[in-house]
Amino acid sequence: MAFCTQKYLPVGFGLLSTIGAALLLFIMFKAGCAGDPKGGSFGDPVRALQLESFGLLPVLLSAASGGAAIGLMSKSIHRVAQGLAFATFTLFCLWVAGMQFEIWGIQSCF
């Protein structure tokens, strides 16, 4: 029974990572629709900053669960390093993608 749980644990972490990334990108798009926090010339910048702060939890959840999934799938001795490298890469990619989704939100709503 423990083998079956061990087999599906990386899949669960991978799904959690995907859901966290999708939630982050949705929140960032809504933040762009709420306003432009950098320039302050569009919409409500206070609401946009509030939505951006809500995006911190999904990005951390996505990176941590993705790193855990990669670490659990790896069979090498360097599984912790591979998991941390993937989590760091995921944080960077989601940060850049979040900025792009915020720009798209500003462009589509204003």
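This is a predicted model: local features need pLDDT of at least 70, side-chain atom pairs count only at pLDDT 80 or more; totals for chains, interfaces and linings use all residues.

Student: Which residues of α3 are buried?
Tutor: Helices here are DSSP runs (H or I, at least four residues), numbered from the N terminus. Helix α3 covers residues 56-73, and its 18 residues reach 26 Å from first C-alpha to last, close to the 26 Å expected at 1.5 Å a residue; the expected span is 1.5 Å times one less than the number of residues. The buried residues of this helix are P58, V59, S62, A63, S65, G66, G67, A69 and G71.

Student: Is S65 buried or exposed, and what is its relative accessible area?
Tutor: S65 is found in helix α3, and, leaving aside neighbours within four places in sequence, it is in contact (heavy atoms within 4.5 Å) with F13, L16 and S17. S65 is therefore classed as buried, because its relative accessible area is 4%.

Student: Which backbone oxygen does the side chain of S65 reach?
Tutor: A polar contact is a pair of N or O atoms within 3.5 Å; within protein, one must be able to donate a hydrogen and the other to accept it, and residues adjacent in sequence count only if both atoms are side-chain atoms. At 2.7 Å, the side chain of S65 reaches the backbone oxygen of L61.

Student: With which residues is T90 in contact, leaving aside its neighbours within four places in sequence?
Tutor: T90 is found in helix α4, which runs over residues 79-109 and reaches 44 Å from its first C-alpha to its last, close to the 45 Å expected. At 10% relative accessibility T90 counts as buried. With the neighbours within four places set aside, the contacts of T90 are S62 and A63.

Student: What is the torsion about the S-S bond of C33 and C109?
Tutor: A disulfide is assigned to a pair of cysteine sulfur atoms within 2.5 Å, and the structure holds one, joining C33 to C109 with an S to S distance of 1.9 Å. The pair links distant parts of the chain, with C33 in helix α1 (residues 2-34) and C109 in helix α4, 76 residues apart. C109 counts as partly exposed, at 38% relative accessibility. The disulfide is right-handed because the torsion is about 45°.

Student: Why is the ring pair of F92 and W95 tilted?
Tutor: Rings of Phe, Tyr and Trp (its six-membered ring) pair if their centres lie within 6.5 Å; planes under 30 degrees apart count as stacked, over 60 as edge-to-face and the rest as tilted, and by this rule the count comes to two aromatic pairs. In the pair of F92 and W95 the centres are 6.2 Å apart, and the pair is tilted because the planes lie at 55°.

Student: What is the relative accessible area of W95?
Tutor: F92 and W95 both lie in helix α4, three residues apart, about one turn of the helix. F92 counts as partly exposed at 48% relative accessibility, whereas W95 is exposed, with a relative accessible area of 52%.

Terms used: Residues are numbered from 1 along each chain as its sequence is written. Side-chain values use heavy atoms; hydrogens and water are left out. Helices (H or I, at least four residues) and strands (E, at least two) are DSSP runs, numbered from the N terminus. Buried means under 20% relative accessible area, exposed over 50%, partly exposed in between (1.4 Å probe, protein chains only).
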